[in-house]
Amino acid sequence: EQMEYSYPFVNNILAPKIVKLFNLSIALFTTISIETQTGCNLTCSFCPVNKLVDKRIFTQLEFQVLEKIAIELNVLCFNGTVNLYVNNEPLMDKRISDIIFLFRKHLPLNKIKILTNGTLLTNEKIHTLFHNGLSELSIDNYTDGKKLITPIKKLINNSMEFINYDIRISMRKINDNLTNRAGTSPNVSPLRNPINQFCAFPFLDFTISAFGKSIICNLDAKDAEIMGDVKN
C-alpha cells in the first residue's frame, strides 16, 4: 500500500525533474558508491550478501584502480558524495583508512562517507577514519531494533570525545523484511511482474562493485546488469 501510494509522486513529479535535468545538460551523478572489497560479517535475513548466503568470490578493488577512479573524478570536477561501500561491510577492508586518505587527497572538498554495521569499530579506529579525511560515519546497529551492540555503547559513553565528528546511528532489526533487493533478497520473493515505475538511482548514483563493474542498480549484488568496467 505504501509503495502504491508513492507511484504518483515518483512518476509524475520525480521522473520529469530528472528527465528535465538531463535534457538541459550532460549532468554528472551526484553520488559515487564504491565497493572496495566483497564480504560482510553479519547474517541479516534481508541481505543477499550476508555471510551465510554470499556466493561471491572474495575480491578487492586494486589500490591503483581506486586511485584511477579518484583522479578521474578530480578531472571531471565531481563535487558530489563519495560512498566507500555498496553491498559489503567496509570496515572488513583493512585498507579502508588508507583508501579514505587517497580520496581525500584527490578530492579535498568532497563529502566522503562510509556505512558500517559497527561491529568492528573501536574508538581509536573512529579517530583514524576522520583524521584521514572521512566526512560522515553512518552506523546501522543491527539487533532486535532496541539493543545497542558493545562498540556503539562505548562510542556513546565517550560521545564528547567525538563531538566534532559527523556520526549517525540507526537502530535496525537484523531479521527485518525490506524490499526485494532487485529480486535477490533471501526473505522477500521476487515480483511476478516488473513495476512500471521510474527509479532515480541510475541517474544519481554511479555504482562500482568490488569486481570493478559499473552496475545500473546499487542493490544489484550479483552484478547482473553491467554498464562497463572501470578497470578498462
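Guide: Start with a cut-off: a residue is called buried when its relative accessible area is under 20%. Keep in mind that this is a predicted model.

Visitor: Why is Asp223 called buried?

Guide: Its relative accessibility is 14%. The cut-off is under 20%, so Asp223 counts as buried. Asp223 sits in the loop between S7 and strand S8 (226–229).

Visitor: What makes the phi of Asp223 worth a remark?

Guide: Its phi is near 50 degrees, a positive value in a residue other than glycine. Most residues other than glycine have a negative phi.

Visitor: Which residue has a phi near 55 degrees?

Guide: Cys77, and here too the value is positive in a residue other than glycine.

Visitor: Is Cys77 buried or exposed, and how do you know?

Guide: The relative accessible area of Cys77 is 63%. Exposed means over 50%, so Cys77 is exposed.

Visitor: What about Ser214, buried or exposed?

Guide: Buried, because its relative accessibility is 4% and the limit is 20%. Ser214 belongs to strand S7 (residues 213–215). Beyond its neighbours within four places in sequence, Ser214 contacts Phe206, Thr207, Glu225, Ile226, Met227 and Gly228.

Visitor: How do you know that the length of H2 agrees with expectation?

Guide: H2 has 13 residues, and at 1.5 Å a residue they should span 18 Å. The end C-alpha atoms are 18 Å apart, so the two values agree.

Visitor: Which residues of H2 are buried?

Guide: Val65, Leu66, Ile69, Ala70 and Leu73. They cover an arc of only 140 degrees around the axis, so they lie on the same side of H2. An α-helix has 3.6 residues a turn, so residues three or four places apart point the same way.

Visitor: What do the two faces of H2 meet or carry?

Guide: The buried residues pack against S1, H3 and strand S6 (205–208). The face turned away from the buried side carries the exposed residues Gln64 and Val75.

Visitor: Which residues of the largest nonpolar core touch the most other members?

Guide: Ile32, Ile34, Ile69, Val82, Leu84, Phe103 and Leu121, out of 34 residues in that core. Among the elements that give two or more residues to this core are strand S1 (31–34), helix H2 (63–75), helix H3 (96–106) and strand S4 (136–143). Nonpolar side chains tend to be buried together in soluble globular proteins.

Visitor: What does Phe103 touch?

Guide: Leaving out residues up to four places away in sequence, Phe103 touches Ile34, Leu66, Ile69, Ala70, Leu73, Val82, Leu84 and Ile112. Another core, of eight residues, lies apart from the largest one; Cys40, Cys44, Val49 and Tyr142 are among its members.

Visitor: Why is S4 called largely enclosed?

Guide: Eight of its eight residues are buried, so the rest of the structure largely encloses S4. Both faces are covered. Glu136, Ser138, Asp140 and Tyr142 are buried on one side, and Leu137, Ile139, Asn141 and Thr143 on the other.

Visitor: What makes S3 and S4 a pair?

Guide: Pairing needs at least two bridges. S3 and S4 have four and run parallel. Ile114 has Leu137 of S4 as its bridge partner. The chain goes from S3 through H4 to S4, and this β-α-β crossover is right-handed.

Visitor: How many bridges does S4 share with S5?

Guide: Eight, in the parallel sense, with S5 covering residues 166–173. Ser138 has Arg168 of S5 as its bridge partner. The chain passes from S4 through H5 to S5 in another β-α-β crossover, which is right-handed.

Visitor: Which strands does S1 pair with?

Guide: S1 pairs with S2 over three bridges in the parallel sense. Ser33 stands opposite Asn83 there. The path from S1 through H2 to S2 is a right-handed β-α-β crossover. S1 also has four bridges to S6, again parallel, and Ile34 has Ile208 of S6 as its partner.

Visitor: Where do the residues of S1 point?

Guide: Thr31 and Ser33 point one way, Ile32 and Ile34 the other, and all are buried.

How values were computed: Residues are numbered from 1 along each chain as its sequence is written. This is a predicted model: local features need pLDDT of at least 70, side-chain atom pairs count only at pLDDT 80 or more; totals for chains, interfaces and linings use all residues. Side-chain values use heavy atoms; hydrogens and water are left out. A nonpolar core is a set of buried Ala, Val, Leu, Ile, Met, Phe, Trp, Tyr and Cys residues joined through side-chain atoms within 4.5 Å. Buried means under 20% relative accessible area, exposed over 50%, partly exposed in between (1.4 Å probe, protein chains only). Contact means heavy atoms within 4.5 Å. A crossover is right-handed if, with the strands pointing away from the viewer, the path from the first strand over the helix to the second runs clockwise. The expected span of a helix is 1.5 Å times one less than its number of residues. The arc is that of the directions from the helix axis to the C-beta atoms.
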